Amino acid sequence: MPNVRVAFLDRYHPNIYDTIRRSLPSDWVPQFTETREIKDQAAALAGAQLLFVMAAPVTPEILSIGKDVRFIQKLGVGVDRIDLKICAERGIAVAKLGGCN
């Protein structure tokens with residue numbers, strides 16, 4: 001899938017951003033949020049097909065903004081902050097990283 005847009009809704013240590021960019025396939029476009037405010041998260045979600053979250057909640061509002069999201073990768077094991085019901089209704093797959101907390 002060329003030109004995949006990947007939204008990141010959490011804030012990270014400044015050094016992590018370059019690591020993420022280097023780790024993604026070259027034709028994937030990372031979109032980072034500037035703050036935890038909904039307007040900044042909405043900007044990061046614009047056109048994103050993939051969503052990576054660590055602690056940021058994935059609420060009905062976030063899912064309504066991220067209309068193109070098809071897959072959510074939870075960076076950790078707990079998915080209690082992700083609205084799994086809406087994800088199921090929209091056919092959005094959700095994965096978690098077991099054993100990494």
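## Helix α2 and its surroundings

The buried residues of α2 pack against β1 (4–8), β2, β3 and α3. Contact here means heavy atoms within 4.5 Å. Buried means under 20% relative accessible area, exposed over 50%, and partly exposed in between, with a 1.4 Å probe and protein chains only. Helices (H or I, at least four residues) and strands (E, at least two) are DSSP runs, numbered from the N terminus.

This is a predicted model: local features need pLDDT of at least 70, side-chain atom pairs count only at pLDDT 80 or more, and totals for chains, interfaces and linings use all residues. Residues are numbered from 1 along each chain as its sequence is written, and side-chain values use heavy atoms, with hydrogens and water left out.

**The helix.** Asp40, Gln41, Ala44 and Leu45 are buried in α2. Seen down the helix axis, the buried residues of α2 fall within an arc of 140 degrees, so they line one face. That arc is taken over the directions from the helix axis to the C-beta atoms. Lys39 and Ala43 are exposed on the face turned away from the buried side. Just after α2, Gly47 takes a positive phi of about 75 degrees.

Pro30 sits in strand β2. Thr33 lies in the loop between β2 (28–32) and α2 (38–45).

| Residue | Relative accessibility | Contacts |
|---|---|---|
| Pro30 | 22%, partly exposed | Val6, Phe8, Arg21, Leu24 |

A polar atom of the Thr33 side chain lies 2.5 Å from the backbone oxygen of Thr35. Pro30 and Leu50 are 20 residues apart in sequence; C-alpha to C-alpha, they are 9.5 Å apart in space.

**The cores.** A nonpolar core is a set of buried Ala, Val, Leu, Ile, Met, Phe, Trp, Tyr and Cys residues joined through side-chain atoms within 4.5 Å. The largest has 16 residues, of which Leu9, Leu45, Leu51, Val53, Val58 and Ile72 touch the most other members. At least two residues of this core come from each of α2, β3 (50–53) and α3 (60–65). Another core, of 10 residues, lies apart from it and includes Val4, Val6, Phe8 and Tyr12. Not counting residues up to four places away in sequence, Val58 touches Leu51, Val53, Leu63, Ile72, Arg81, Ile82 and Asp83. In soluble globular proteins, nonpolar side chains tend to be buried together.

Definitions and conventions: A polar contact is a pair of N or O atoms within 3.5 Å; within protein, one must be able to donate a hydrogen and the other to accept it, and residues adjacent in sequence count only if both atoms are side-chain atoms.
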